[in-house]
Amino acid sequence: MLISPPVRRGARRTVSVLAFDGMAPFELGCVVEIFGIPRPELDVPWYELTVCAESTADLRIVGGFTMRAERGLEAVAAADTVIVPAVPDVSGAVSPELVAALRAAHTRGARVVSICSGAFALAQAGLLDGREATTHWKYAELLQRRFPRVRVNPDVLYVDGDDVLTSAGSAAGLDLLVHLVRKDHGPRVANSVARRLVIPPHREGGQAQFIQAAVTPVEDDDAVATAMAWALEHLTEPITVADLAGVARMSQRTFIRHFGRQTGTSPLRWVISQRVAASLTMLESTAAPVEEIAVSVGFDSPVTFRHHFTRAMRTSPSAYRRAFRASA
């Protein structure tokens, strides 16, 4: 998963999310929660959200209720970011009017985003041709079969293609939406939003861990969570798998197995990702040398820090700092 430096900040961004007849409400609710609720405490220009649909007639929603969108597809054409949640029918076609609206928005420069099976609408509009994209693992094979020009990656939580972004199943949409906030406003704001939602600002691993996976016993989840919390409090110190397993009161082999089952990654890769994440705020808000930041977040050398930072962020620490300050 690529985390890009934030884009230019200051202007109030407009977001349009599509509502469909026959849709499930969860993903729409996630978009409204993140982009539609004012957040004056963050002291940044927040988003202006519009819920739109192909018709202003009542839409039937899964669960036995109806809703009505006040705006039509003209809102798609005007928004800075267009979000398409799961489509009701992954085997059918979306309307030519929606295809035209998505193409027009993308051509105009809008950022187009899909959650779960919303990728089928983007693919039909041709926006995923030649690109890597993802969707819910259950639909990945069908997406590839219906749209062979798309490079479907079924193993990730989301794919950031800069102007076109796709996410896996419903909850992965939250990962992608918080990622959009991070791109726009930086990690401090994204972390604040994630805390309000009581979700991690950035999850390691991919959706492959959720495919027919066994359920980890609750007591083991608690032990792994305890070890993770301990690690976050000791990032500046050397941390080994033996240390983490000791905190969890497990053997190393058992701890690695339960940690991977819960997070989709290894303990040491997770520690590295947390150290990289901790460095972002320092790069953004201080003039401390990269060498000093490397030590302060627990890397044993600047060379190691630069290696892992570049691998995770697809840019160097110095380039990230320059990009952030230029955009700010």
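Let me begin with cysteine 116, which sits in the loop connecting strand 6 (111-114) to helix 4 (119-124). Please keep in mind throughout that the model is predicted. The phi angle of cysteine 116 is near 55°, a positive value in a residue that is not glycine. Is cysteine 116 buried or exposed? Its relative accessible area is 6%, so cysteine 116 is buried, the cut-off being under 20%.

Aspartate 162 lies in the loop between strand 9 (158-160) and strand 10 (164-167). Aspartate 162 is not a glycine either, yet it has a positive phi of about 75°.

How many disulfides does a search of the whole structure find? The search returns zero.

Now to the overall picture. The protein has 14 helices and ten strands. Of its 328 residues, 49% count as buried. Where contacts join residues at least 6 apart in sequence, 66% of them link residues at least 24 apart.

The interior comes next. In soluble globular proteins, nonpolar side chains tend to be buried together. In this model, the largest nonpolar core has 72 residues, and the members touching the most other members are Leu18, Phe35, Ile83, Leu102, Leu177 and Val181. Which helix gives the most to this core? It is helix 6 (residues 170-185), with seven residues. Another core lies apart from this one; it has 16 residues, including Val224, Ala227, Ala231 and Ala248.

Setting aside neighbours within four places in sequence, leucine 102 contacts Leu18, Val82, Val84, Val112, Ala121, Leu122, Ala125 and Leu127.

Threonine 81 belongs to strand 5 (residues 81-84). With 3% relative accessibility, threonine 81 counts as buried. Residues up to four places away in sequence not being counted, threonine 81 touches Thr14, Val15, Ser16, Arg111 and Val113.

I close with two helix pairs. Two packed helices are described by the angle between their axes and the distance between the axes. For helix 1 (residues 26-36) and helix 6, the axes come within 10 Å and cross at roughly 25°. Helix 1 is therefore roughly parallel to helix 6, since angles under 35 degrees fall in that class. The crossing of these two helices is right-handed. On the side of helix 1, the contact is made by Phe26, Glu27, Cys30, Val31, Ile34 and Phe35. Helix 6 contributes Ser170, Ala171, Leu174, Leu177, Val178, Leu180 and Val181 to that contact.

Methods: Residues numbered from 1 in each chain as written. Predicted model: local features only at pLDDT ≥ 70, side-chain atom pairs only at ≥ 80, totals over all residues. Heavy atoms only, no water. Disulfide = S-S within 2.5 Å. Buried < 20%, exposed > 50% of the residue type's maximum accessible area, 1.4 Å probe, protein only. Core = buried A, V, L, I, M, F, W, Y, C linked by side-chain atoms within 4.5 Å. Helix = DSSP H or I, 4+ residues; strand = E, 2+ residues; numbered from the N terminus. Contact = heavy atoms within 4.5 Å. Axes fitted to C-alpha atoms, helices over the stretch in contact; angles between N-to-C directions. Parallel < 35°, antiparallel > 145°, perpendicular 65-115°, else oblique. Left-handed = near helix turned anticlockwise from the far one by under 90°.
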